[in-house]
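Please look over the model below. The report covers helix packing, side-chain contacts, aromatic rings and backbone angles.

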Amino acid sequence: MDARTDDLDRLEAEFQAKVDAEQRIEPKDWMPDRYRQTLIRQMSQHAHSEVVGMLPEGNWLTRAPSLKRKAILMAKIQDEGGHGLYLYSATETLGISRDEMFDQLHTGKAKYSTIFNYPTLTWADVGAIGWLVDGAAITNQIALCRCSYGPYARAMIRICKEESFHQRQGYEIMMTMAQGTKEQKEMAQDALNRWWWPTLMMFGPNDSNSANSAQSMKWKIKRQSNDELRQKFIDATVPQAEYLGLKIPDDELKWNEERGAYDFGEIDWDEFKAVVSGNGLCNRERLKARIDAHDGGKWVRDAALAYAAKKAARKAEAA
């Protein structure tokens, strides 16, 4: 028993030394089970978020204000679906199957980002999602490009490039509306009012209340804490809002000369907990849409498997 414990301690020490030396961990390398499970939780949640995130914007695909806007939005939605598939593939390198990940999502064992449980009420929401939500995602994901787990870090490089383009698309929509008619500017301001605080919640609980943040940083899965990333996003986004002539919906927001950063108001963590618990405005609708899509596509998966099996049998006969 003691020998096994000593071996485990030695392996964990060697693993941490490798992480500290900025050497990437690859799928066939030894890793602590908690490291593996933490990655599975985070990466599968990320993949689920990319796929579920197609739904709020898909709500406006048939109602885009022009053919150009429709083509751009369609391309973006396709990108998000691709990101999800890319991340599912990366997560599978940790020994979990895609079917198991889907089952965890559909049964509520796995989560996706709380931000996608809010409705898109106007076309301006599509711009706000691109500007704010994708902007927050980029803030978090750039740091993930240096994640200690190789497949995740490499996946993030491509994803960040595309998300950056999505953020610029969203900001361009907001700029067009902010410079448009009185009604269009009011619509842009209303979208900012509704999406600002949920976007800040995307970074997760304050560091003092985050059970996983410190360990993830020790393993270099994360490079910056929730609060650091949230502050970085706010400092970058407030000047963008000022340029648009829009007002951030936070009466406590002000520049702190001593800190060289913005002070901001308290986030409604009760709302955050409610959405995480499944009681957001669109939780049930989003999950039902995913389950229905999965069940509706079963015949396609069955046909593909049957075709692959038949092809393999013919190849075996020929051999």
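Helix H6 (residues 123–144) packs against helix H10 (residues 226–244) at an angle of about 145 degrees, and their axes lie 10 Å apart. Helices here are DSSP runs of H or I with at least four residues, numbered from the N terminus. Axes are lines fitted to C-alpha atoms over the stretch in contact, and angles run from 0 to 180 degrees between N-to-C directions. The H6 and H10 crossing is right-handed. On the H6 side, the contact involves Trp131, Leu132, Gly135, Ala136, Thr139 and Asn140. H10 contributes Leu229, Lys232, Phe233, Thr237, Gln240, Ala241 and Leu244. Contact means heavy atoms within 4.5 Å. A crossing is right-handed if the near helix is turned clockwise from the far one by less than a right angle, and left-handed if anticlockwise.

This is a predicted model: local features need pLDDT of at least 70, side-chain atom pairs count only at pLDDT 80 or more, and totals for chains, interfaces and linings use all residues. Residues are numbered from 1 along each chain as its sequence is written, and side-chain values use heavy atoms, with hydrogens and water left out.

Lys76 is part of helix H4 (residues 67–92). Is Lys76 buried or exposed? Lys76 is buried because its relative accessibility is 5%, and the cut-offs are under 20% for buried, over 50% for exposed and partly exposed in between (1.4 Å probe, protein chains only). Its side chain makes a polar contact with the side chain of Glu57 at 2.4 Å. A polar contact is a pair of N or O atoms within 3.5 Å; within protein, one must be able to donate a hydrogen and the other to accept it, and residues adjacent in sequence count only if both atoms are side-chain atoms. Not counting residues up to four places away in sequence, Lys76 touches Glu57, Ile129, Gly130, Asp134, His166 and Gln169.

Ser49 sits in helix H2 (residues 33–52). Ser49 is buried too, with 9% relative accessibility. A polar atom of the Ser49 side chain lies 2.7 Å from the backbone nitrogen of Ser113. Neighbours within four places in sequence aside, Ser49 contacts Tyr112, Ser113 and Phe116.

**Aromatic rings**

The structure holds ten aromatic pairs. One of them joins Trp255 and Tyr262 edge-to-face, at 4.9 Å centre to centre with 75 degrees between the planes. Rings of Phe, Tyr and Trp (its six-membered ring) pair if their centres lie within 6.5 Å; planes under 30 degrees apart count as stacked, over 60 as edge-to-face and the rest as tilted. Trp255 is partly exposed at 42% relative accessibility, whereas Tyr262 is buried at 11%. Phe15, Trp30, Tyr35 and Trp219 form one aromatic cluster.

The test is CZ of Arg, or NZ of Lys, within 6 Å of the ring centre and within 35 degrees of the ring normal.

| Charged residue | Ring | Distance to ring centre |
|---|---|---|
| Arg63 | Trp60 | 3.9 Å |
| Arg158 | Tyr86 | 5.4 Å |

**Positive phi**

Most residues other than glycine have a negative phi. Glu22 has a positive phi, near 65 degrees. Glu22 lies in the loop between helix H1 (2–20) and H2 and is partly exposed at 47% relative accessibility. For Lys220, phi is positive as well, near 60 degrees. Lys220 lies in the loop between helix H9 (213–218) and H10 and is buried, with a relative accessible area of 18%.

Conventions:
Helices (H or I, at least four residues) and strands (E, at least two) are DSSP runs, numbered from the N terminus.
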